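Take a look at the model below.

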Amino acid sequence: MAEALGYKQSLSLLEAYGIETPVQVLVRTAEQFDYAIADRMRYPLVVKAIPVDAGHKTEKSLVVTGLHTAKEAKQAFNALYQRASGIPLECFVIQEQAKGVEFIVGSKKDDVFGQTLMFGMGGVYVELTADFSVRVCPLDAEHAKAMLLETKAAAFFTADGFRGIRASLDATAKLLVNASRMVEENPQITEMDLNPAIATPEGCYAVDARILLEGKKGL
Amino acid sequence: MAFDRTRIDQLVKPSSVAVIGASTDPASVGQGVLKSLLYGSVFEVGGAKPFPGKVYPVNPHHDSVLGKKCYPSVHDIPEEVDLAVICVPAAAVLQVVRECGQKKVRGIVVTTAGFAETGSQGRLLQEQLVAEADKYGMTLLGPNCLGIIRPPESLNASFALAAPKDGEVAFISQSGALSDSVIDWAIENRFKFSLLVSVGNSAQLDTTDFIEWCETDPHTKAIAVYLEGLKDGRRFMEVCRRVSKTKPIVLLKAGRGAAGTKSAGAHTGALVGSYRVWKAACRQCGVVIANDFEEMFEFAGALASQKRSGHNSVAIITNGGGAGVLCADYCEENGIKLAELTEDTLATLESKGMHKAYSRRNPLDLVGDALPERYKSAVDTLMSTEYIGAVIVIQTLQTMTDTVEDAKIVIEAKKKFPDKPICCVFMGGRFTRPGSKLLVEHGIAEFNDPRRAARTMAALLGLL
């Protein structure tokens, strides 16, 4: 039976492999959340409650986005705090809201070929569109770019972007290469979703991470 | 462990073969194998040659089988034995293998079923079989396999119904029964093989080992693989990445199970099914995936006889508009780019004589009444045009069509431009056959259907 890696541990793992994430603060209690925390960050913000075994957050309504002031953030936090009562929580997250194109970057350990990487148009629609590419790891930057460009997402990586919306090919490819290195060097990872990974013209950030481990081995 | 090709040489190039379990029963596997060795083929196919080395039937219950002296055990054979084909019941296999080891037999083929494919007890028996073979340093093919056929050495160590002719495609199959039908099909379709091996349960040697062996086999120019499963995918990729550079590999994969597994709410697991991973892996290591058996051999045949090209710029020549348009559709579906014909090219074509109503574009429609001269103008012009990387020649059958002359034109052009792939679609049946037969004899892929031609062209251009 697979075990999900905690949010905090997931973040440090991503960081160790150079996978960028939005600026964020983790708090455990209402007392730990004050206006100063929010004011040190760039608005708009997102507040999330992270259950101990995180499923799809949007389905459980444990995420509030588009918070433009410290007051809005605190109110959202309080509301979430109420809503999440009774759910075992790991922590709350106050995160800068990334604005850009939503992709999914995932990995799956295949019985025959070992670690594989997946890239697709992201967010909650990925299972509907089924527009994604797959590679067996490891991956270099050139392979990663080919992988990005064989999906419909290719339009975002052109000079003009899709309807003017652009995503950085280099930064997104770099995230793929780092993710590939991460799963190759941690074979106990059986599955991973970076969903969404949000790409801007300058960067690409893992906004949420779900990492499943084999058995109860930990990292 | 580093790959040691002499281990497979022991199966492929023996100078003496024992058939253990040779039987007087014509319906038995043991008799099938013995006939294959003694006559080259169980069914008379013409041209099958007997194995040139020594053949020893072994069976304690017979004094002779098919007129050959039969030995009670391998120990009783007075001379050395290189290869033993074992056709005794599963319960007797271990003992026989041990005797082979003591006799210093180098390679064994275990045709017997009833091992890992049957469950945990069979798995245990298979482990013991491998341990026994390893103990004596013997190469083991199988168990649960049809055997091995090596036409260039006139070796048929199998119970296949017949032996295919000596050719340039190696076929490595995880299914023995399918191999039988493939042989029957190959005989009917004049398809030839450099090697035909049924790996069965792959207890010791597996598909990857044979692919690696084919890398330096002078008889093999392309490798066709039918595969259900594999243990070490990374090694398969590593070997194929290297081998496919010189010997094209075509794979037909069974057990595609499109869907991924539902697990613990992660998206990737649900999306990425095993066949998606197989397709990705094959692309990464240069293996061409075929969708069905016919395609596998069409691809392998074309890749064995024609050079691959990376110049994706194809011209279609046709004497029928419909066939040309259909072919263009299939090309597009398979990632083939159609070359845009320049004014210069059109001027050259016209100077050599085109019909007034010819299409002036790609697909180049020569119009239905095209005689060989017009085909020759078109084929020669387009094959010699630098910006065109490959040509598909379509011929529909009209009253004035001369299929043999048209075929000769293509064959001549191919000789002049061996680096440019050519596929032909000589559509028809009885009256087209003389032309299509000539093409095939000269190693030019020929199909009765523009879709298949487009698919094979895509394989030749490295697009699949």
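**A walk through the model**

In chain B, strand S10 (residues 165-173) runs parallel to strand S11 (residues 192-198), and 7 bridges join the two. Strands (E, at least two residues) and helices (H or I, at least four residues) are DSSP runs, numbered from the N terminus. Two strands pair if DSSP finds at least two bridges between them. Across this pair, B:Ala170 stands opposite B:Leu195 in S11(B).

This is a predicted model: local features need pLDDT of at least 70, side-chain atom pairs count only at pLDDT 80 or more, and totals for chains, interfaces and linings use all residues. Residues are numbered from 1 along each chain as its sequence is written, while chains are lettered from A and ligands numbered from 1 in the order in which they are written.

Now widen the view. In chain B, an open sheet of 7 strands has the order S9-S8-S11-S10-S12-S13-S14, with mixed pairing. Strand S9 (155-158) and strand S14 (287-289) of chain B stand at the edges. Each has a single partner strand, so one side of each is left without a neighbour in the sheet. On average, neighbouring strands of this sheet are turned by 25° against each other, direction ignored.

Next come two helices. Helix H3 (residues 90-102) and helix H4 (residues 120-135) of chain B pack at an angle of about 10°, with their axes 9 Å apart. Axes are lines fitted to C-alpha atoms, for helices over the stretch in contact, and angles run from 0 to 180 degrees between N-to-C directions. H3(B) is therefore roughly parallel to H4(B). The cut-offs are under 35 degrees for roughly parallel, over 145 for roughly antiparallel, 65 to 115 for roughly perpendicular, and oblique for the rest. Among the residues of H3(B) that meet H4(B) are B:Val93, B:Leu94 and B:Val97. By class, this contact has 7 nonpolar, 2 polar and 3 charged residues. Ala, Val, Leu, Ile, Met, Phe, Trp, Tyr, Cys and Pro count as nonpolar, Asp, Glu, Lys and Arg as charged, and the others, Gly among them, as polar.

How many residues of helix H2 (residues 29-39) of chain B are buried? The count is 9 of its 11 residues. A residue is buried if 20 or more other C-beta atoms lie within 10 Å of its own, exposed if 12 or fewer, and partly exposed in between; C-beta atoms are placed from the backbone. Just after H2(B), B:Gly40 takes a positive phi of about 90°. For contrast, look at B:Thr348 in helix H12 (residues 343-351) of chain B. B:Thr348 is partly exposed, because 18 other C-beta atoms lie within 10 Å.

Step back to the domains. The assignment for chain B, automatic or from a database, gives domain 1 (5-144), domain 2 (149-305) and domain 3 (314-460). In chain B, 37 residues of domain 1 are in contact with 24 residues of domain 2. Contact means that the C-beta atoms of two residues, placed from the backbone, lie within 7 Å. H2(B) gives the largest share of the domain 1 side, 5 residues.

Last comes the contact of the chains. Chain A gives 26 residues and chain B gives 20 residues. On the side of chain A, the largest share, 5 residues, comes from S6(A). By class, that side has 12 nonpolar, 7 polar and 7 charged residues.
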